[in-house]
Amino acid sequence: MKIDIDKYNPNWIIEYKIIRNQLLSILNSFNPKIEHIGSTSIPSLSAKPIIDIAVGIINITELNKTVNLMIDNKYLYYEIYNKQTPQRRFFIGLKDKKDYVKFQSIYSYNDNIPHNKLQNYKLSHIHIWQYNSYDWIRHIAFRNYLIEHPNDMLQYEKLKKNLSEKEWLDGDEYNDAKNDFIKNLELKAILWYQTINQSND
């Protein structure tokens, strides 16, 4: 499959705000912190047209309590990813919730995810973590760093565009191809983020 990388679209911010309001209602009992992350959150950066959203909850022991609420509101739950990232719950939001019946509500450990079919239906990726956990901080740091460092942002954009010209088994394989670059940049971003926050204390 090919990965579509679109020119930056200011409507992504509008879509994020709509989804954020929905998530605030769905997960209201957890008093969630919600942030726009990923490439669609970075002005002028080309991206896959899928809105990545971080949801932070205070108490990690309540992580599993979010699952049924999200499923009940027609988000696809990727339980299959819990093994590799046990402190996160990951969901897919669809462009049209009427299409929910075309997919499994839960993709578990022995299920095959229909990546090729799903890519045309995806609106959002929802990542639920503990607020201010390492995973939360590294995503916020990465976003903020790229906003403030346009040269690194352009390098990242170039990498994504080059990779988008290749064929991939699925989005996971594409993400793996970006992994080394992202991990190196994340380290710079986290150090920068910590320095900025310390200077503001």
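The following legends describe close-up views of one predicted model.

Residues are numbered from 1 along each chain as its sequence is written. Because the model is predicted, local features need pLDDT of at least 70 and side-chain atom pairs count only at pLDDT 80 or more, whereas totals for chains, interfaces and linings use all residues, and side-chain values use heavy atoms, with hydrogens and water left out.

**View 1. The open sheet has five strands in the order β1-β2-β5-β4-β3.** Strands (E, at least two residues) and helices (H or I, at least four residues) are DSSP runs, numbered from the N terminus. Pairing in this sheet is mixed; two strands pair if DSSP finds at least two bridges between them. The edge strands are β1 (33–37) and β3, each of which pairs on one side only. Strands of a sheet pair through backbone hydrogen bonds, either parallel or antiparallel.

**View 2. Strand β4 (residues 89–94) is largely enclosed by the rest of the structure.** Six of its six residues are buried, where buried means under 20% relative accessible area, exposed over 50%, and partly exposed in between (1.4 Å probe, protein chains only). In a regular strand the side chains alternate between the two faces of the sheet. From β4, Arg89, Phe91 and Gly93 point one way, while Phe90, Ile92 and Leu94 point the other way. β4 pairs with β5 in the antiparallel sense over six bridges, and Phe91 has Ile126 of β5 as its bridge partner. Strand β3 (residues 76–77) also pairs with β4 in the antiparallel sense, over two bridges. There, Leu76 has Ile92 as its bridge partner, and Tyr77 stands opposite Phe91.

**View 3. Ser124 is a buried residue of strand β5 (residues 122–130).** Ser124 counts as buried because its relative accessibility is 1%. Leaving aside residues up to four places away in sequence, Ser124 touches Ile19, Ile50, Ile51, Tyr75, Phe91, Ile92 and Gly93; contact means heavy atoms within 4.5 Å.

**View 4. Helices α2 and α4 lie across strands of the sheet.** Helix α2 (residues 65–72) lies across β2 (51–57), β3, β4 and β5, and runs at about 10 degrees to β4. Helix α4 (residues 134–148) lies across β1, β2 and β5, at about 45 degrees to β1. Axes are lines fitted to C-alpha atoms, for helices over the stretch in contact, and angles run from 0 to 180 degrees between N-to-C directions.

**View 5. The largest nonpolar core has 34 residues.** Such a core is a set of buried Ala, Val, Leu, Ile, Met, Phe, Trp, Tyr and Cys residues joined through side-chain atoms within 4.5 Å. Leu23, Ile53, Met70, Leu76, Tyr78, Ile126 and Ile128 have the most contacts inside the largest core. The elements giving two or more residues to this core are α1 (11–26), β2, α2, β3, β4 and β5; α1 gives the most, with five residues. Apart from this core lies another, of 18 residues, among them Ile37, Ile140, Tyr145 and Leu185.

**View 6. Ser44 and Asn132 have positive phi values although neither is a glycine.** Ser44, found in the loop between β1 and β2, has a phi near 80 degrees. Its relative accessible area is 47%, so Ser44 is partly exposed. Asn132 lies in the loop between β5 and α4, with a phi of about 65 degrees. Asn132 counts as partly exposed because its relative accessibility is 46%.
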